[in-house]
Amino acid sequence: MYYIIALVALVFVVLTGVVISRLQDVIKSVKKEESADAVPSGNKVNGALFIVVLVLGGIAIAWSYMHSREFFLPEASSVHGRRTDDLFWFSMGVLTIPFILVNFLIFFFSWKYQYKKDHRASFYPDNHKLELIWTIIPAIVMALLVFTGWKAWSDITSEAPSDAEVIEITGKQFNWIVRYGGVNDNKLGNYNYKLIDAQNEVGIDLSDENSFDDFQNPTEMHIPVNRPVLLKIRARDVLHSVFIPHMRVKMDAVPGMPTKFWFVADKTTAQMQAETGDPNFKYEIACTEICGQGHFSMKINLVVDDEESYKKWCAEQQTFLQTYPEYLAKVPDNLKAKAMKGLPETTVAPADSSATASVAGVSTGTSIR
Ligand SMILES: [Cu+2]
C-alpha cells in the first residue's frame, strides 16, 4: 500500500516538474518575440491577400447569383405563393445587408490593422451602448420575421374555405391518381384501402352514394382559377410528395396518414401561355420524394381553367362507374337505382331482376332524400 502511494506521489512530482519546465519555455519565447524587431516577412502580402479575396469573392458571389437566376423557382401563380415569395425576399434582404457589411469589415480590417511597428491597438473591456444596439435591433428584426412568417404559415395551413373545390390526389409507385367529387354533388365518396384492386386504384367505397359520380384522371389535374382548391393527399404504398412549383404547393403523401393543402391559383394556363409566349406551356405536378426506381416519371400536368371551361371539362369526364359498370355489383341494392343514373342503357340492360326492382324504386329512393 505504502509502495503504491509513494509511486503515485513520485509520478505527481515528475508531472509537476514537466509542467514548470514547459511554462518556462513559453515565458522565454514570449520575451524573445518582444525583443525581436523583425516583422514577419509575409505580413504585408497576407494583408494584401485579404483585399484580393474580398474583391474577387464579392465578384464571384454576384456572378453566381446572376448566373443561377434561371434555376430559381418560377414566378408564383397562386395567392399564398406570392405571399411566401415576398417573405422569402424580405428575409433575404434583411440577411444580405449585414452579411455584406460584416464580411467587408472582416477582410478590410484584416488589411488595415495589419502589424505595424509602434502601432498599439486601442482596447476597451465593455461598451453598454454598443451592446444594447446590437442586441435590440436584431431582436426586433427577428421578432418581425418570426411573426410575419408564423402568420403566413398559420393562414396557409388553416382550414380550407367551405366553397373550396375538393380534389383527391393519391400517390402510388409510380403515378398520381386524381379523383374528383363529381359533377352532381362535388363530394368525394368514402374510400377504403381494402377495396383497392386493379381498376379501383384508390379503393372507392361504392356503398357511399357520394362516390357514384366520382371520376378519376391519371394524366392531368384540372382546377378552376381564382377559387380555393383543397387537395386531399394520400399515398398507397410508400412516401411520396406532391409538388406544384408554380403554385408553391408542397406536401408529403404519407401511407395511412391523409394530408391536405389548399390554395388559390390566380393565373390560368392560357394566361401563362400568353405571358411566357410559349404555346406549349404547362403547369406540372411532380413527386418530390425519392420513392423508388420510377420516381422520375411521377409527373402529371396541371391545367388551370377559367370557371366555364372547368365546368365544361368536368361534365365531359366519365365517372368511375361509367368506365367500369361491372362495379355496379358492389353498390348496395337500395342504392343501385341511384347509381345507375347517367349510365348508358347498354350497361344497365344486363341487370338482374333485383336491379330492375331497384330501378322501379327510383321514385321512392329519391323521395326519401
Ligand atoms: Cu417519387
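Leu145 is partly exposed, because 15 other C-beta atoms lie within 10 Å, a count that falls between the limit of 12 or fewer for an exposed residue and that of 20 or more for a buried one. The model under discussion is predicted. Leu145 belongs to helix 4, which covers residues 128-156. Leaving aside residues up to four places away in sequence, Leu145 touches Ser91 and Val94.

Of its 369 residues, 19% are buried. Among the contacts between residues at least 6 apart in sequence, 66% join residues that are at least 24 apart.

How many of the 26 residues of helix 2 are buried? The number is zero, so helix 2 lies largely in the open.

Two packed helices are described by the angle between their axes and the distance between the axes. The axes of helix 2 and helix 3 (residues 79-112) come within 7 Å and cross at roughly 155°. Angles over 145 degrees count as roughly antiparallel, and the two helices are therefore roughly antiparallel to each other. The crossing of helix 2 and helix 3 is left-handed. On the side of helix 2, the residues that meet helix 3 are Gly47, Ala48, Phe50, Ile51, Val53 and Leu54; their counterparts in helix 3 are Phe104, Phe107, Phe108, Ser110 and Trp111. An α-helix has 3.6 residues a turn, so residues three or four places apart point the same way.

Five of them form an open sheet in the order 4-10-9-6-7, with mixed pairing. Its edges are strand 4 (220-224) and strand 7 (249-253), each of which pairs on one side only. On average, neighbouring strands of this sheet are turned by 20° against each other, direction ignored. Strand 4 pairs with strand 10 (residues 299-305) in the parallel sense, over five bridges. In one of these pairings, Pro224 has Asp305 in strand 10 as its bridge partner. Helix 6 (residues 307-316) lies across strand 4 and strand 10, and runs at about 135° to strand 4.

Definitions and conventions
Residues numbered from 1 in each chain as written. Predicted model: local features only at pLDDT ≥ 70, side-chain atom pairs only at ≥ 80, totals over all residues. Pairing = 2+ DSSP bridges. Helix = DSSP H or I, 4+ residues; strand = E, 2+ residues; numbered from the N terminus. Axes fitted to C-alpha atoms, helices over the stretch in contact; angles between N-to-C directions. Contact = placed C-beta atoms within 7 Å. Parallel < 35°, antiparallel > 145°, perpendicular 65-115°, else oblique. Left-handed = near helix turned anticlockwise from the far one by under 90°.
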